[in-house]
Amino acid sequence: MIRKMLRYTIDIVCGAVLAVVIAVLVLYALGIRPYVVMSGSMEPSIHTGSVCFVNTRADYDKVEPGDVIAFQTAIGTMVTHRVVAVTGEGMETKGDANDVSDGVSTTPVNFSGKTLFSIPYLGQVIIFFRKLIR
């Protein structure tokens, strides 16, 4: 009886892990990349510790004010903020929880993609496992 329950539990865990791996591979094939949100600049829309899924194949020229995008800063940090204006110089972005905008922070050079959706708290699980591995 205990062996059956243990085997059943192992089968469920293995199936879940396999499903996640397949889902990640499909997303990567479609150009969708997950990023862990490390700050609260987008609260309450996107919580710290969430995972944002970014379409890296999104067309820069089709981004509009109100869209949430991902871009790299000059020091290489990935940032997820909302577009507040699109100008000839680039996109002005701002975190929902921030009082001031980032200024014109995004151009085709550092644009990473458009955020499709986020999953709250999933990033905290990823961070936990990263710490275990190190």
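Here are a few notes on the helices, strands and pockets of this predicted model.

1. Start with helix H1, which covers residues 2-29. From its first C-alpha to its last, H1 reaches 41 Å, close to the 40 Å expected for its 28 residues at 1.5 Å a residue.

2. Next, have a look at strand S3, residues 68-72. Is S3 mostly covered or mostly uncovered? Mostly covered: four of its five residues are buried.

3. With strand S4 (residues 78-86), S3 pairs antiparallel over five bridges, and Ala 70 sits opposite Thr 80 in S4. The two strands make a hairpin with five residues between them, and Gly 76 in that turn has a positive phi of about 90°. S3 also runs antiparallel to strand S7 (residues 111-119), joined by three bridges; there, Phe 71 faces Phe 111.

4. Now the largest pocket, at about 410 Å³. It has 17 lining residues, and those closest to its centre are Val 20, Val 24, Pro 34, Leu 122 and Ile 126. Helix H2 gives the most to this lining, with six residues. What classes of residue line the largest pocket? There are 16 nonpolar residues, one charged and no polar.

5. Finally, the second largest pocket holds about 250 Å³ of space. Of its 13 lining residues, Val 37, Met 38, Met 78, Val 79 and Thr 80 lie nearest the centre. S4 turns up again here, giving the most to the lining with four residues. By class, the lining of the second largest pocket has eight nonpolar, five polar and no charged residues.

Note on methods. Residues numbered from 1 in each chain as written. Predicted model: local features only at pLDDT ≥ 70, side-chain atom pairs only at ≥ 80, totals over all residues. Heavy atoms only, no water. Expected span 1.5 Å × (residues − 1). Buried < 20%, exposed > 50% of the residue type's maximum accessible area, 1.4 Å probe, protein only. Pairing = 2+ DSSP bridges. 1 Å grid on protein atoms, 1.4 Å probe; cavity = no way out; pocket = protein on both sides within 12 Å on 5 of 7 lines; lining within 4 Å. Points joined across faces, edges and corners; volume = space filled by probe spheres on them. Nonpolar A, V, L, I, M, F, W, Y, C, P; charged D, E, K, R; others polar.
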